[in-house]
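Trainee: Could we take a close look at one part of this fold and then see what surrounds it? I would like to start with a pair of strands.

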Amino acid sequence: MKRVINEAIPIQSKDGRVIGVYLPDGKVKVFKGSFFRNVEVNSLRQNVRNERLFLLNNDYISNYQLNKDYTFDNPSIAISALMGHMETGNQA
């Protein structure tokens, strides 16, 4: 059964290094200060690589963390882009 979400829900990764909110439209806003792993695995999907490149090339990343809030299309892209390996967003 699907749940209707009417307001943002606070979320964080299991290790607490990535924090943000799950938005009613299914997107995930990750907050400034969240961890960004500088290494990525070879099996990373191209759309996630593109997201990582965008973050790196547009001054979103410094000292292994986000330096401003960023909204991802879904939880899986968010955690995969930040960690540099494919991961299921809702579990992470």
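Trainee: In which sense do β1 and β2 pair, and over how many bridges?

Mentor: β1 and β2 pair in the antiparallel sense, over 4 bridges; strands count as paired if DSSP finds at least two bridges between them. This is a predicted model, where local features need pLDDT of at least 70, side-chain atom pairs count only at pLDDT 80 or more, and totals for chains, interfaces and linings use all residues. Residues are numbered from 1 along each chain as its sequence is written, and side-chain values use heavy atoms, leaving out hydrogens and water. Strands (E, at least two residues) and helices (H or I, at least four) are DSSP runs numbered from the N terminus.

Within the pair, Ile 9 stands opposite Tyr 22 in β2. Now widen the view: the open sheet has 4 strands, in the order β1-β2-β3-β6, with antiparallel pairing. β1 (9–12) and β6 are at the edges with a single partner strand each, so one side of each has no neighbour in the sheet. From one strand to the next, the twist averages 30°; such angles run from 0 to 180 degrees between N-to-C directions, with axes fitted to C-alpha atoms, for helices over the stretch in contact.

Next, find helix α2. Because 8 of its 9 residues (75–83) are buried, α2 is largely enclosed by the rest of the structure. Buried means under 20% relative accessible area, exposed over 50%, and partly exposed in between (1.4 Å probe, protein chains only). Just after α2, Gly 84 takes a positive phi of about 80°.

Ala 81 and Leu 82 are among the buried residues of α2.

Arg 52 brings us to charge. Glu 40 forms a salt bridge with Arg 52, with the closest N and O atoms 2.7 Å apart; the term means a side-chain nitrogen of Lys or Arg within 4 Å of a carboxyl oxygen of Asp or Glu. Arg 52 is buried, at 2% relative accessible area. Salt bridges with shared partners join Glu 40, Arg 49 and Arg 52 into one network.
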